[in-house]
Each structure stands twice: as C-alpha cells, then as structure tokens.
Amino acid sequence: MDLSDAALLLAAGLAAGTVNAVAGGGSLITFPALIASGLPPVPANVTNSVSVFPGYLASVAGSRADLPRGRALWSLLPTAAVGTVVGCVLLLATPARAFELVVPFLVLGATAVLAFQDPLRRLVGHPAQLSPRRRTVTVQVMVAVGAVYGGYFGAALGVMLVAGLALVLDATLARVTAVKNLLSAVVGLTTLVVFALFGPVNWVAVAVVAPATLVGGYAGARLARRLPAVVLKTVIVLFGTTIGLYLLWRALT
C-alpha cells in the first residue's frame, strides 16, 4: 500500500463512520475505496466489515443518551448476533451473484418503508395498538433479517434497520437511530470475530480505515442527535435511495 492508497482509505473511513452514524450506508464509501487500493471483491468486502466496526462503537457512545432502558432492548442482541453469523456463513460458503441482484431491491424497499412509514402504519397498525407479544415478535424478526443482511454484505444496514424498527417501535427517530447504532455494533463485532478467524482480511487496510471510522462515527452520532426528525428522515431516505440505485447499477453492469 502506497501513500496515496493510505490517504484514500483514511478519508473514506472518516466519511463512512459519519454516514453510518447518521443514516447508514458508509460501507459504500469504504468498499469501493478498498477495491481501488487493489483488493479483490471478496477480501475487500470482508476487510470492510472488520474496518467499520470501531465506527459503530463510537456511534453507540455518541447516541447512548437516546438508548431506551430495560430488558427489551438487550433481548435483541442475541438475535442480532445469531443472524449475523448466518449471513457471514452465507458469504463465505455461497456464490455472491444471486444475492448481489437481490440486495438493491432490499435497500430500495427498506427506504420506501421508511419514506412511507405513516401510511404503512395505518395499514398494519400503529405500534402502540399492537399486542405486546406481536410487537416483540415483529421487532425480533426485523432485527434477524437485518442482521443476516449485515453479516452477508452490510452496506445500507443502517437504512434497513431504521426502516424496520421505525415501523414497529413507538419511539422517536432519534431513539430508533440509537437502537440501530447498538444493533449495528453487535453485527460489526460478530462479523469481526467470524472474518478474523475464517475470512481473508487485509489487516494493513484495517489499520488505516478503522481509526478513521472511530472518529467519524462519534461525530456523526452527535450530529444525528441534533437534527430535527423530518431532516434526519429525509437524509436517511436520500442516502438509501442513492445507495439502492448505485447497487442496482453495479449489479447490472
């Protein structure tokens, strides 16, 4: 790795950490940067997953004041970990082409769910109107699906988690974003362990990108807390739409 590659990865890590904390999708900054530095696609994807983990931790620290209290939140963490392991195994054991074609539609679908959250709530029922058992099961399913996706690819994981959780949690978007940050950190930690043991990680690239995501993640989380709900939602929807269209273009070319 030469100096220009290191500078590129450093800038990409800083931007990705900030974007992940605010909206999600920062991996679409670091992943192409890793490709540009000379890594093949699978090692770049694995290295990227390991590199962005510190940024998730910083996001949790920056948004910890908005985390809900109680056991309900902590019950989601094992689900996130198990779902992530399933996604990691899929990445390491199966061809990626079919999933690459599905991923853009998952991202665009999740973005549409968030954009049209209020009309959808009128169709499926407001979270406050759901029975406790149905609400618990629905949240667990949303987290499991997001975690499998996060273990396999990870880009726009934040968009998918916010979209799903905002539909089934009776909470402010700032609180939903804080929960997203915690779940993303669990997904990131799980992928780090699995890929460190079994994946082709480029640790030199990790050493450059990871510290930058740490700084960007904390700054982004502090910024997200200060944004009005409508602005935060608009930013996430715009990021999600851009990411989904980019992934679709990349999958079809």
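**Entry 1: H6.** I kept in mind that this is a predicted model. I started with helix H6, residues 76–93, and checked its length. At 1.5 Å a residue, its 18 residues should span 26 Å, and its end C-alpha atoms are 26 Å apart, which agrees.

Next I looked up which residues of H6 are buried. They are Leu76, Leu77, Ala80, Gly83, Thr84, Gly87, Cys88 and Leu91. Looking down the axis of H6, I found these buried residues within an arc of 145 degrees, so they line one face of the helix. That spacing made me recall a rule: residues three or four places apart point the same way because an α-helix has 3.6 residues a turn.

What do the buried residues of H6 pack against? I found helix H3 (41–51), helix H5 (71–74), H9 and helix H11 (173–198). On the face turned away from the buried side, I noted the exposed residues Val82 and Ala93.

**Entry 2: H9 and H10.** I moved on to H9 (residues 132–152) and H10 (residues 157–168), which pack at an angle of about 175 degrees with their axes 10 Å apart. That angle makes H9 roughly antiparallel to H10. Among the residues that meet are Met142 and Val143 from H9, and Met160 and Leu161 from H10. I sorted the residues of this contact into 10 nonpolar, 4 polar and 1 charged.

**Entry 3: Val141.** Still in H9, I picked out Val141. Is it buried, exposed or partly exposed? Val141 counts as partly exposed because its relative accessibility is 48%. I also compared Val141 with Thr94: they are 47 residues apart in sequence and 23 Å apart in space, C-alpha to C-alpha.

Methods
Residues are numbered from 1 along each chain as its sequence is written. This is a predicted model: local features need pLDDT of at least 70, side-chain atom pairs count only at pLDDT 80 or more; totals for chains, interfaces and linings use all residues. Side-chain values use heavy atoms; hydrogens and water are left out. Axes are lines fitted to C-alpha atoms, for helices over the stretch in contact, and angles run from 0 to 180 degrees between N-to-C directions. Helices (H or I, at least four residues) and strands (E, at least two) are DSSP runs, numbered from the N terminus. Angles under 35 degrees count as roughly parallel, over 145 as roughly antiparallel, 65 to 115 as roughly perpendicular and the rest as oblique. Contact means heavy atoms within 4.5 Å. Ala, Val, Leu, Ile, Met, Phe, Trp, Tyr, Cys and Pro count as nonpolar, Asp, Glu, Lys and Arg as charged, and the others, Gly among them, as polar. The expected span of a helix is 1.5 Å times one less than its number of residues. Buried means under 20% relative accessible area, exposed over 50%, partly exposed in between (1.4 Å probe, protein chains only). The arc is that of the directions from the helix axis to the C-beta atoms.
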